[in-house]
Amino acid sequence: MLPGEERLLPETLSTQKGVTVNDIFEFTGDLSDSYHRKLFRDFLKSYQEDELKRLLGPRWQPRDQGGITCPGCGYRTHRRRGFRTRVVKTSRGHFHFLLAQVQCTSCGRTHRPFAGSLGIAFLRVLPELEQKAISLAVKLPYRPSSHLLEEFFRVRLSHEGIRRVVSRKATEQKIEPVSEVTNCLVDSTKVKAGTKSRGMDVHLAIAVEKGSEKHRRSVLIKSLLHLSVGDSAPLKATLKKIRPKYLVHDGELNLKGCAEKTQRCLWHMGHQLKHYLWQDGLPHKERGSFREKLCGILYGSHYTIRGAAIAYGKLINEFCRLGLYTSAGHLALAKEEIFNYRKEPNLCFTTTSPVEREMRELNRRADVGARWSQKGIENLLKILFLKRFNQY
Ligand SMILES: [Zn+2]
């Protein structure tokens, strides 16, 4: 608060009738904002003046060969050339400030020596406002994000501007490789991107560990291992590099050699079986009982591991006998890995549901009725998950 305002404030308000608490809040907020603007400008200016004094010597006695180097010719003697006004967008509106200029005495080039060190060389939008724009944009389409930003902070960033910020941040941010991954879950989904009408695949791999218990359930600690849009080659390359101990997947991709041990998602086994039985031409009412039977073998704790494997083999034979060859193939393909979860006590996920939960977030943001570019959706989803898993 500026000197004198403490007297001005109650007087101004008491003379107006029908003043609500909201009006007082707005009014005091505006006062505080104008003080904030002044503080910001004065602080930046005095910082630069102190630095100039240190680097060039006092104004009345400038030093030759000072601490500033000319970016044009490399000469080190400069004279002061005043300040240049600049404006930056912040979450508290437009802020004006002054940027010191100096001139090289050799080549005559004028430059702003603190623009780089203060991080304001080409800055039009303050990073804190960009962060708020990103937080909105990972939840909402770009245009509503832009409108909300304007409504909340009275500053305009176009939807295209926000998209560019997201794409820049996605290029800067790397998904840090995790050294030892125990449980890795992989899933894929379609997004409306590219030129094909069905869209493109998004491949997501996350590491999941069980944390402390809350309401008698373990809190899952997730981290992003891989995200890509397009074919599955980059996913496989990442997995082969990380080489997780256990990998749970839904069987849509061939992930052989991507982990020490793989495990098919038990829920998907039954779900997919119904589809394959339909392909084999089995009537709807008969499909359910086969699914029940399979689930009984997969989850049944009364079986020993050997007993379960035998029952599983018998079910494959039964399908072959009935001429349900696609379904038999489905089971046979998963035979090697399906009971790994019973053999390995540390393999603590038998379904891909923690990654399916993330897929829901993915679809919620990606299904906005627009067609994405491959890079556009990849950038956005990368930031979305890095933020979700606190890796951003
Ligand atoms: Zn120069």
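Q: Where does Cys348 lie?
A: Cys348 sits in the loop between helix 11 (340-343) and helix 12 (353-366). Helices here are DSSP runs of H or I with at least four residues, strands are runs of E with at least two, and both are numbered from the N terminus. This is a predicted model: local features need pLDDT of at least 70, side-chain atom pairs count only at pLDDT 80 or more, and totals for chains, interfaces and linings use all residues. Residue numbers start from 1 along each chain as its sequence is written.

Q: Is Cys348 buried, exposed or partly exposed, and why?
A: Cys348 counts as partly exposed because it has 15 C-beta neighbours inside 10 Å. The cut-offs: buried means 20 or more other C-beta atoms within 10 Å of the residue's own, exposed means 12 or fewer, and partly exposed is in between, with C-beta atoms placed from the backbone.

Q: Which residues is Cys348 in contact with, leaving aside neighbours within four places in sequence?
A: Asn183 and Lys210. Contact means that the two C-beta atoms, placed from the backbone, lie within 7 Å.

Q: And how many Å apart are Cys348 and Tyr35 in space?
A: They are 56 Å apart, C-alpha to C-alpha. In sequence, 313 residues separate them.

Q: Zooming out. What is the secondary structure of the protein chain?
A: The chain has 13 helices and eight strands. Its radius of gyration is 31 Å, well over the 21 Å that the globule rule gives for 392 residues, so the chain is more spread out than a compact globule. That radius is taken over C-alpha atoms, and the rule is 2.2 Å times the number of residues to the power 0.38.

Q: What does the C-alpha trace span along its principal axes?
A: About 100 × 65 × 45 Å. Of the 392 residues, 27% count as buried.

Q: Which domains does the assignment give?
A: Domain 1 (5-124), domain 2 (129-172) and domain 3 (183-388). The bounds come from an automatic or database domain assignment.

Q: How many residues of domain 1 are in contact with domain 2?
A: Five, and they are in contact with five residues of domain 2. On the domain 1 side, strand 1 (78-90) and strand 2 (93-104) each give two or more residues. That side has no nonpolar, four polar and one charged residues. For the classes, Ala, Val, Leu, Ile, Met, Phe, Trp, Tyr, Cys and Pro count as nonpolar, Asp, Glu, Lys and Arg as charged, and the others, Gly among them, as polar.

Q: On to helix packing. At what angle do helix 3 and helix 5 cross?
A: Helix 3 (residues 127-137) and helix 5 (residues 159-172) cross at roughly 95 degrees, and their axes come within 10 Å. That makes helix 3 roughly perpendicular to helix 5. Axes are lines fitted to C-alpha atoms, for helices over the stretch in contact, and angles run from 0 to 180 degrees between N-to-C directions. Under 35 degrees is roughly parallel, over 145 roughly antiparallel, 65 to 115 roughly perpendicular, and the rest oblique.

Q: Which residues make the contact?
A: Helix 3 gives Glu130, Ala133, Ile134 and Ala137, while helix 5 gives Ile162, Val165, Val166 and Lys169. They divide into six nonpolar, no polar and two charged.

Q: What about helix 7 and helix 10, parallel or antiparallel?
A: Helix 7 and helix 10 are roughly antiparallel. Helix 7 (residues 266-279) packs on helix 10 (residues 325-334) at about 150 degrees, with axes 8 Å apart.
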